[in-house]
Amino acid sequence: MGLKSYKDTNINRACEVKTAKILIFFLLGACLAVPAAAQRERYTISAVNGEFVVEEEILHREVSFLADSLDGGRALGRRGHFEAGAWISRHYETFGLKPLNGVWAHSFRIGEERGRNLLGLFPGQSDKYVIVLAHYDCIGGLAGRLYPGADSNASGTVAMLTLARMLYRMNYLGKTYTHNVLFAAVDAKERNSAGSEDLMERVREGKLVNPVTGTAITRDKILCVANLDIIGSTLSPLASGRKDYLLAISDGRWNDAIRSLNRKDGLGLDLAFDYYGSRDFTNIFYRRIGDHVPFLKAGIPCMLFTSGITMRTNKETDDAASLDYAVLRQRIILAYYWLVRQI
C-alpha cells in the first residue's frame, strides 16, 4: 500500500469515527430532548419516595432551632419571632414555593403591634387550593421565665415545612399534582388566632394572588384546610402503653380514608377521631379554638392533626428534648398521604 493510500485509509477511518461520535451525540441529545412527561410514562412515581426526606435527626434539629433560647419563645414582636419568620421563609424558597403578591410575609395589625403570616404556594394545575397551616408563634417569656414552645407549636411548624419538603422531593422526581397547596405559617395564635383570621379575610376579599396564574385565591376555590397544632409529644397517649398515637379530628368525612392510610407499612398509629372521647372537649378544640376555626366558620372542611395538650404545653419544660421524633415522623407521613389524596 502506498503512502497516499495509507493516509487516505486512515483519514477515512477517522472520519467514520468522528461521524459515529456526532451521531451518538445527536441521538443522546434527542433522548434528552424527549418531553419529561413522555419519559415518565415508562414508570410510576410512587408516593413512598416522599418518605425518604423525613428524617428524625432533621426534625429534631429544626424543632431545636425554633425552641432555642435565642428565639426567646417566638413571642409576637420580639427578635426571636422575626428570626423564626426569616428561617421559615428561607425554607419556603429552598423547597421551591412561590411567594404570593411578591412577598413571603403578609403583615396585619394587632393593636400597636404587627403580626406576619408567611405564605408560600406549591403550584398545581387547577384553580383549586388546599391550605396547610401551623402557627409559629408562642407565648415567649413571662416574669423572666422562658417558654420554648417546642410542642406548641414548633412541632406543627416543622411538620408543615416537612410536608412542603416532601412535595418538593416528589416534584423533583417529576410528579405533578392537580390542585395547589398553600402553606401558611400563621402568626398570633396566642392573640385569639388573629393570624388565621386575617388569612381568611384576605381569602374572602380575594386579596391573595396566585403568582403563576395571576388569579385571586377566593373562598370558593378552597377545597379544605389542614391544621398542624401540637403534634410532637407522646405524653398524653390514648391508651396505656401506646405512645404512637394521633388525633385526627374533622367532621368525619376523612375517617375511613385515614384508617386505610394508617395501614401502610411503618405506620399503624393508635388513632382517635375526637378529643379523647369527649364531645365537649372535641367541640372546644375543633369548633371554638384553633387556627382552622375561621375557615370552618366559613364553611370550608377542616382537618386538625394533633397529639393533644400535655402537662408541658406552654410551660418552661416544653423543650425540644421532650418530643418523640420517631412518632412525629410517623404522624407527618400519615398527614402526607392524607394531603396527596386531596391534591
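Colleague: At what angle do helix α3 (residues 56-66) and α5 pack?
Modeller: This is a predicted model, in which local features need pLDDT of at least 70, side-chain atom pairs count only at pLDDT 80 or more, and totals for chains, interfaces and linings use all residues. Residues are numbered from 1 along each chain as its sequence is written, and side-chain values use heavy atoms, leaving out hydrogens and water. The axes (lines fitted to C-alpha atoms over the stretch in contact, with angles from 0 to 180 degrees between N-to-C directions) of these helices (DSSP runs of H or I, at least four residues) are 9 Å apart, and the packing angle is about 130°.

Colleague: And is α3 oblique or roughly parallel to α5?
Modeller: Under 35 degrees counts as roughly parallel, over 145 as roughly antiparallel, 65 to 115 as roughly perpendicular and the rest as oblique. With an angle of about 130°, α3 is therefore oblique.

Colleague: Which residues of α3 meet α5?
Modeller: Contact here means heavy atoms within 4.5 Å. On the α5 side, the partners are Ala-150, Ala-154, Ser-155, Thr-157, Val-158, Thr-162 and Arg-165. Facing them from α3 are Ile-58, Leu-59, Glu-62, Val-63 and Leu-66.

Colleague: How far apart are the axes of helix α4 (residues 79-94) and helix α5 (residues 150-172)?
Modeller: This pair packs at an angle of about 15°, which means that α4 is roughly parallel to α5. Trp-87, Ile-88, His-91, Tyr-92 and Thr-94 of α4 touch Thr-157, Met-160, Leu-161, Arg-165 and Tyr-168 of α5. The distance between the axes is 10 Å.

Colleague: Happy to move on to rings! How many aromatic pairs are there?
Modeller: Rings of Phe, Tyr and Trp (its six-membered ring) pair if their centres lie within 6.5 Å; planes under 30 degrees apart are stacked, over 60 edge-to-face and the rest tilted. By this rule the count is 11.

Colleague: Is Phe-95 buried or exposed?
Modeller: Phe-95 pairs with Tyr-168, with centres 6.3 Å apart and planes at 40°, so this pair is tilted. Phe-95 sits in the loop between α4 and β1 (98-99), while Tyr-168 is in helix α5, 73 residues apart. Buried means under 20% relative accessible area, exposed over 50% and partly exposed in between (1.4 Å probe, protein chains only). At 5%, Phe-95 is therefore buried.

Colleague: Which residue forms an aromatic pair with Phe-281?
Modeller: The pair is stacked, 6.3 Å centre to centre with 20° between the planes. Both residues lie in helix α8 (residues 279-288), four residues apart, about one turn of the helix.

Technical notes
Helix = DSSP H or I, 4+ residues; strand = E, 2+ residues; numbered from the N terminus.
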